[in-house]
Amino acid sequence: KLQFLYLIGTMELGMESPAMTAALVVGSVGALYALVRRRPAAVAHHEKLPRLQSFVGAVGGRMKVGFDAVLGVSALEVNEWCADKGLIYNYTVPERLCRDGVLPLSVAMSLLDTASSYAIVGEDRTHRPGVSVKLSAHYTSKGRLIRAGDTVQVCSKVSKVGGTMGFAQCSIKDAASGAVLIRGEHVKYLPMGAAWDLLFSGYLTPVVRLVAGWGAARLPVSVAAAQQAPLHDILQLDGVERTAAGHVARFRAASGVHSNPIGGVHGGCQAVLCEQLAAAAKPDAAVQGMSVTYVSGGKGELALSAHPSTHAVHVEIAKQRVGGAVVATAEVYFFE
C-alpha cells in the first residue's frame with residue numbers, strides 16, 4: 001500500500017515527496033521486520049520428514065564435518081517420522097566406536113543427542129537446532145548392553161517445542177525384539193536470532209542452499225580420516241593425573257572432528273570425555289547412567305576434573321585458562 005501511495009504522490013507532485021519517501025522507507029523496514037517475526041504455518045505430519053531432509057540438504061556442507069559425521073549419523077537416512085512427533089533411525093553399531101566390544105553409554109548419548117536434535121529441528125517451524133541445556137540417559141539393564149555389530153533403533157519423540165525451549169524423550173531399542181535398552185531425555189535452548197528465522201522460514205531456502213553448496217567441497221584429510229578411525233584415537237585425554245580430590249586431564253578439541261554444525265564442541269563428544277575421565281576414577285565399575293548439564297560453549301583447549309563418591313563421579317569441563325569458564329558438568333552413575 002505504501003508503495004502505491006508513493007507512486008501516486010510522485011505522479012501528482014511531479015517529483016519525489018520527502019514525506020512519501022520516508023513513508024516508503026518506514027513501511028519497507030516494517031514489512032521486513034514483520035516477515036522475520038512471522039511464525040510460519042504449522043506443518044502437516046507427512047511433510048515433516050521431507051522438510052527435515054530438505055533442510056539438511058540445504059546446509060549439507062556443514063553436516064559433512066563434525067562429530068555427527070564421525071558417528072555416521074545423517075538425517076537423510078532417517079527411516080520413519082511417527083505421527084506422535086518422533087523419528088526412528090536404524091543404526092548398526094560399528095566396532096570402532098566400542099570399548100572392549102561394548103558401546104559406551106556416552107557414545108549412545110551422542111546418538112540420542114543427534115537424533116533428538118533432528119526431531120526438534122523437524123518439528124520447529126524455522127528448523128532451529130538451538131544449543132543443548134541438559135542431556136541424560138541410562139541403561140535399563142546391566143545384562144542388555146549394546147555391542148558391536150548390533151542393529152538398533154534410535155528413537156526420539158518431541159515432547160514440546162516452544163519459542164524458547166525444546167524437549168525430547170529418546171530411547172535406543174533392539175531392532176529385532178523392540179526391547180528398550182537405553183532411555184534418555186534432551187532439553188535444548190532454541191532461539192537463534194531474527195536472521196536465522198528469516199533464512200529458514202522458507203522464503204530464502206533456495207538462497208541458503210546455494211550459499212551452503214559453496215562449503216560442500218572435499219573434506220580435509222584429517223576430517224575424512226577421523227570418520228574411519230577408532231573412537232579412542234579420536235578422543236584421547238592428555239595428561240591424566242590422579243590428585244587428592246580425584247583425577248584431572250586436558251583435551252584439545254579439533255574443529256571439524258569434535259564440533260557440532262555451529263562450531264562448538266558437540267554435546268555428545270563432551271559426554272564421551274566425561275565418561276572417559278570417570279572411568280579412570282572408577283576403573284572396575286560399569287557405567288549405568290549419565291546426566292550432562294551444558295553451561296557455556298566450548299572449543300579449543302579444555303580442562304577436565306573428576307571427583308568420585310560412593311556410587312557416582314562428578315566431572316567438570318572448563319576452558320583451559322586461569323579462571324576459565326565452566327563448559328559442562330556431568331554426574332556419572334555406576335551399576336552397584
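Student: Is Tyr89 buried or exposed?

Tutor: Happy to start there; this is a predicted model, where local features need pLDDT of at least 70, side-chain atom pairs count only at pLDDT 80 or more, and totals for chains, interfaces and linings use all residues. Residues are numbered from 1 along each chain as its sequence is written, and side-chain values use heavy atoms, with hydrogens and water left out. The labels are buried under 20% relative accessible area, exposed over 50% and partly exposed in between, with a 1.4 Å probe and protein chains only. Tyr89 has a relative accessible area of 5%, so Tyr89 is buried.

Student: How are the ring planes of Tyr89 and Tyr91 arranged: stacked, edge-to-face or tilted?

Tutor: Rings of Phe, Tyr and Trp (its six-membered ring) pair if their centres lie within 6.5 Å; planes under 30 degrees apart count as stacked, over 60 as edge-to-face and the rest as tilted. By this rule there is 1 aromatic pair. Its centres, in Tyr89 and Tyr91, are 6.3 Å apart and the planes are at 35 degrees, so the pair is tilted.

Student: Are helix 6 and helix 11 roughly parallel or roughly antiparallel?

Tutor: Helices here are DSSP runs (H or I, at least four residues), numbered from the N terminus. Axes are lines fitted to C-alpha atoms over the stretch in contact (heavy atoms within 4.5 Å), with angles from 0 to 180 degrees between N-to-C directions. Under 35 degrees counts as roughly parallel, over 145 as roughly antiparallel, 65 to 115 as roughly perpendicular and the rest as oblique. The axes of helix 6 and helix 11 (residues 267-281) come within 8 Å and cross at roughly 170 degrees, so these helices are roughly antiparallel.

Technical notes: Helix = DSSP H or I, 4+ residues; strand = E, 2+ residues; numbered from the N terminus.
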